[in-house]
Amino acid sequence: LPHFKMVQICASIDGTGEIVEYVRHGIKWNEWISNFKDFTFLNQKYGRYGIAFDLTITTPGLFSLKELFDLSLELDVETLIKTTFAFDGSIIMCPQVLPRDLYNEVIDDIIEYIKPKIVDKPRYNYWIVCLQDLKNRGTYQEKYTDWREALQRGLENLKKVDKWRNNVGAIEKIFSANPKVLDWWKKANEKSI
(Lines give C-alpha, C1' and ligand atoms only; values in the text may rest on other atoms or scores of the structure.)
Protein backbone atom coordinates (compact mmCIF):
# COMPACT_ATOMS: atom_id res chain seq x y z
CA LEU A 1 0.00 0.00 0.00
CA PRO A 2 2.71 2.60 0.70
CA HIS A 3 3.44 3.17 -3.02
CA PHE A 4 -0.13 4.41 -3.67
CA LYS A 5 -0.82 8.14 -3.56
CA MET A 6 -4.21 7.56 -1.95
CA VAL A 7 -5.72 4.64 -0.07
CA GLN A 8 -9.18 4.43 1.43
CA ILE A 9 -10.49 1.28 3.08
CA CYS A 10 -14.12 1.33 4.16
CA ALA A 11 -14.33 -1.64 6.49
CA SER A 12 -17.94 -2.78 6.44
CA ILE A 13 -19.38 -3.52 9.89
CA ASP A 14 -22.83 -3.62 11.53
CA GLY A 15 -22.01 -3.54 15.23
CA THR A 16 -19.69 -5.09 17.77
CA GLY A 17 -19.22 -8.37 19.61
CA GLU A 18 -22.01 -10.93 19.65
CA ILE A 19 -24.35 -8.53 17.86
CA VAL A 20 -22.22 -8.26 14.73
CA GLU A 21 -21.57 -11.99 14.92
CA TYR A 22 -25.35 -12.47 14.79
CA VAL A 23 -25.96 -9.99 11.96
CA ARG A 24 -23.00 -11.14 9.87
CA HIS A 25 -22.99 -14.86 10.37
CA GLY A 26 -19.47 -16.25 10.29
CA ILE A 27 -17.65 -13.09 11.35
CA LYS A 28 -15.39 -13.41 14.39
CA TRP A 29 -15.47 -10.02 16.10
CA ASN A 30 -12.11 -10.32 17.89
CA GLU A 31 -10.34 -11.23 14.66
CA TRP A 32 -12.15 -8.53 12.67
CA ILE A 33 -11.29 -5.72 15.09
CA SER A 34 -7.71 -6.93 15.44
CA ASN A 35 -7.31 -6.83 11.65
CA PHE A 36 -8.91 -3.38 11.53
CA LYS A 37 -6.53 -2.03 14.17
CA ASP A 38 -3.56 -3.35 12.16
CA PHE A 39 -4.48 -0.89 9.40
CA THR A 40 -5.15 2.27 11.42
CA PHE A 41 -1.67 3.45 10.38
CA LEU A 42 -3.31 4.30 7.04
CA ASN A 43 -4.99 7.30 8.67
CA GLN A 44 -1.63 8.80 9.57
CA LYS A 45 -0.37 8.30 6.03
CA TYR A 46 -3.51 9.05 3.96
CA GLY A 47 -5.78 11.11 6.20
CA ARG A 48 -8.92 10.52 8.22
CA TYR A 49 -10.41 8.07 5.72
CA GLY A 50 -7.36 5.87 5.17
CA ILE A 51 -9.39 3.27 7.02
CA ALA A 52 -12.87 3.89 8.37
CA PHE A 53 -15.81 1.97 9.75
CA ASP A 54 -18.47 1.53 7.07
CA LEU A 55 -21.52 1.05 9.29
CA THR A 56 -24.89 -0.25 8.20
CA ILE A 57 -27.41 0.23 11.00
CA THR A 58 -29.64 -2.80 11.49
CA THR A 59 -32.34 -3.45 14.08
CA PRO A 60 -30.11 -5.63 16.28
CA GLY A 61 -27.15 -3.39 15.49
CA LEU A 62 -28.89 -0.48 17.21
CA PHE A 63 -27.96 -2.18 20.46
CA SER A 64 -24.21 -1.97 19.83
CA LEU A 65 -24.00 1.55 18.40
CA LYS A 66 -22.80 2.98 21.71
CA GLU A 67 -19.90 0.54 21.77
CA LEU A 68 -19.08 1.17 18.13
CA PHE A 69 -19.15 4.91 18.70
CA ASP A 70 -16.80 4.56 21.68
CA LEU A 71 -14.50 2.42 19.56
CA SER A 72 -14.43 5.06 16.82
CA LEU A 73 -13.34 7.62 19.42
CA GLU A 74 -10.76 5.29 20.93
CA LEU A 75 -9.22 4.46 17.54
CA ASP A 76 -9.76 8.00 16.22
CA VAL A 77 -11.44 6.74 13.05
CA GLU A 78 -14.35 7.99 11.00
CA THR A 79 -17.58 6.10 10.50
CA LEU A 80 -19.54 6.12 7.25
CA ILE A 81 -23.15 5.58 8.35
CA LYS A 82 -26.09 4.18 6.43
CA THR A 83 -29.08 2.05 7.36
CA THR A 84 -30.72 -1.12 6.16
CA PHE A 85 -33.31 -0.26 3.56
CA ALA A 86 -36.68 -1.95 2.97
CA PHE A 87 -39.16 -1.92 0.14
CA ASP A 88 -41.84 -3.48 2.33
CA GLY A 89 -42.58 -4.20 5.97
CA SER A 90 -41.12 -7.71 6.07
CA ILE A 91 -37.47 -6.71 6.46
CA ILE A 92 -36.85 -7.31 10.17
CA MET A 93 -33.25 -6.09 9.94
CA CYS A 94 -34.43 -2.56 9.06
CA PRO A 95 -34.76 -0.46 12.26
CA GLN A 96 -38.08 1.01 11.08
CA VAL A 97 -39.67 -2.34 11.92
CA LEU A 98 -39.91 -1.03 15.50
CA PRO A 99 -43.08 0.85 16.44
CA ARG A 100 -42.64 4.63 16.71
CA ASP A 101 -42.51 4.83 20.52
CA LEU A 102 -39.76 2.19 20.78
CA TYR A 103 -38.00 3.48 17.69
CA ASN A 104 -37.77 6.97 19.21
CA GLU A 105 -36.76 5.65 22.62
CA VAL A 106 -33.91 3.51 21.31
CA ILE A 107 -32.53 6.20 18.99
CA ASP A 108 -32.92 8.98 21.59
CA ASP A 109 -31.02 6.84 24.09
CA ILE A 110 -28.11 6.48 21.66
CA ILE A 111 -28.14 10.21 20.85
CA GLU A 112 -28.13 11.15 24.54
CA TYR A 113 -25.21 8.78 25.10
CA ILE A 114 -23.17 10.34 22.29
CA LYS A 115 -23.90 14.04 22.84
CA PRO A 116 -21.74 14.61 25.93
CA LYS A 117 -18.87 12.66 24.37
CA ILE A 118 -18.62 14.98 21.35
CA VAL A 119 -18.76 18.33 23.12
CA ASP A 120 -15.02 18.75 22.57
CA LYS A 121 -14.97 16.56 19.41
CA PRO A 122 -17.28 18.34 16.95
CA ARG A 123 -15.99 16.34 14.01
CA TYR A 124 -18.08 13.44 15.32
CA ASN A 125 -21.32 15.44 15.23
CA TYR A 126 -22.29 13.58 12.05
CA TRP A 127 -23.28 10.65 14.30
CA ILE A 128 -26.02 12.83 15.78
CA VAL A 129 -27.06 14.12 12.35
CA CYS A 130 -27.33 10.57 10.97
CA LEU A 131 -29.27 9.30 13.98
CA GLN A 132 -31.66 12.27 13.81
CA ASP A 133 -32.19 11.55 10.12
CA LEU A 134 -32.89 7.91 10.93
CA LYS A 135 -35.36 8.95 13.64
CA ASN A 136 -37.23 11.18 11.19
CA ARG A 137 -37.92 8.30 8.82
CA GLY A 138 -41.31 6.64 8.84
CA THR A 139 -41.71 3.36 10.67
CA TYR A 140 -43.35 0.39 8.98
CA GLN A 141 -46.58 1.08 10.87
CA GLU A 142 -46.57 4.60 9.43
CA LYS A 143 -45.60 3.62 5.88
CA TYR A 144 -47.27 0.31 5.11
CA THR A 145 -50.97 -0.51 5.44
CA ASP A 146 -50.12 -4.25 5.50
CA TRP A 147 -47.43 -3.92 8.18
CA ARG A 148 -48.92 -6.61 10.45
CA GLU A 149 -49.00 -9.23 7.72
CA ALA A 150 -45.58 -8.16 6.45
CA LEU A 151 -44.16 -8.36 9.98
CA GLN A 152 -45.36 -11.95 10.27
CA ARG A 153 -43.77 -12.84 6.92
CA GLY A 154 -40.54 -11.24 8.08
CA LEU A 155 -40.61 -13.11 11.37
CA GLU A 156 -41.13 -16.42 9.58
CA ASN A 157 -38.22 -15.68 7.24
CA LEU A 158 -35.96 -14.70 10.13
CA LYS A 159 -36.87 -17.85 12.05
CA LYS A 160 -35.79 -19.95 9.05
CA VAL A 161 -32.51 -18.07 8.71
CA ASP A 162 -31.80 -18.25 12.45
CA LYS A 163 -32.47 -21.99 12.47
CA TRP A 164 -30.25 -22.50 9.43
CA ARG A 165 -27.48 -20.42 11.04
CA ASN A 166 -27.93 -22.13 14.42
CA ASN A 167 -28.78 -18.74 15.96
CA VAL A 168 -32.17 -19.53 17.49
CA GLY A 169 -32.74 -17.23 20.48
CA ALA A 170 -29.83 -14.89 19.68
CA ILE A 171 -32.00 -11.96 18.67
CA GLU A 172 -34.03 -12.25 21.87
CA LYS A 173 -30.79 -11.99 23.83
CA ILE A 174 -29.86 -8.85 21.88
CA PHE A 175 -33.29 -7.28 22.35
CA SER A 176 -33.20 -8.03 26.09
CA ALA A 177 -30.98 -4.92 26.39
CA ASN A 178 -34.28 -3.02 26.23
CA PRO A 179 -37.15 -4.79 28.07
CA LYS A 180 -39.77 -2.88 26.07
CA VAL A 181 -38.24 -3.99 22.77
CA LEU A 182 -38.04 -7.56 24.03
CA ASP A 183 -41.72 -7.40 25.06
CA TRP A 184 -42.67 -6.05 21.62
CA TRP A 185 -40.65 -8.83 19.99
CA LYS A 186 -42.34 -11.54 22.04
CA LYS A 187 -45.79 -10.13 21.26
CA ALA A 188 -44.94 -9.96 17.56
CA ASN A 189 -43.94 -13.61 17.64
CA GLU A 190 -47.17 -14.48 19.44
CA LYS A 191 -49.06 -12.50 16.77
CA SER A 192 -50.61 -10.37 19.52
CA ILE A 193 -49.54 -7.03 18.03
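Asp70 is partly exposed, its relative accessible area being 24% (buried is under 20%, exposed over 50%, partly exposed in between; 1.4 Å probe, protein chains only). This is a predicted model, where local features need pLDDT of at least 70 and side-chain atom pairs pLDDT 80 or more, while totals for chains, interfaces and linings use all residues. Residues are numbered from 1 along each chain as its sequence is written, and side-chain values use heavy atoms, leaving out hydrogens and water.

**Salt bridges**

- Searching the whole structure turns up 17 salt bridges (a side-chain nitrogen of Lys or Arg within 4 Å of a carboxyl oxygen of Asp or Glu).
- Asp70 has its partner in Lys117, with 3.0 Å from N to O. Asp70 sits in helix 4 (residues 65-75) and Lys117 in the loop between helix 5 (100-114) and helix 6 (126-135), so this pair ties together parts that are 47 residues apart in sequence. (Helices are DSSP runs of H or I with at least four residues, strands are E runs of at least two, and numbering starts at the N terminus.)
- Lys117 is also partly exposed, at 30% relative accessible area.
- Another bridge joins Arg100 and Glu142, at 2.8 Å from N to O. That pair links distant parts of the chain too, with Arg100 in helix 5 and Glu142 in helix 7, 42 residues apart.
- Arg137 pairs up with Asp133, and their closest N and O atoms are 2.7 Å apart. Arg137 comes out partly exposed at 31%, and Asp133 is partly exposed at 39%.
- Arg48, Asp76, Glu78 and Arg123 join up in a network of salt bridges.

**Helix 8 and what covers it**

- Helix 8 runs over residues 147-164, 18 residues in total, and spans 25 Å from first C-alpha to last, close to the 26 Å expected at 1.5 Å a residue (the expected span being 1.5 Å times one less than the number of residues).
- Its buried residues are Trp147, Ala150, Leu151, Gln152, Gly154, Leu155, Leu158 and Asp162.
- The cover over these buried residues includes helix 1 (17-23), helix 7 (140-143), helix 9 (170-175) and helix 10 (179-189).

**Asp162, a buried charge**

- Asp162 is part of helix 8, and despite being buried it has no salt bridge.
- The nearest side chain of opposite charge is Arg165, 5.7 Å away (Lys and Arg count as positive, Asp and Glu as negative; His and the chain ends are not counted).
- Setting aside neighbours within four places in sequence, Asp162 is in contact with Tyr22, Asn167, Val168 and Ile171 (contact means heavy atoms within 4.5 Å).

- Asn166 isn't a glycine, yet its phi is positive, at about 60°. This residue comes just after helix 8, in the loop between helix 8 and helix 9.
- Asn166 is exposed, with 68% relative accessible area.
- Lys191 is another non-glycine residue with a positive phi, near 60°. Lys191 belongs to the segment after helix 10 and counts as exposed, at 59% relative accessibility.
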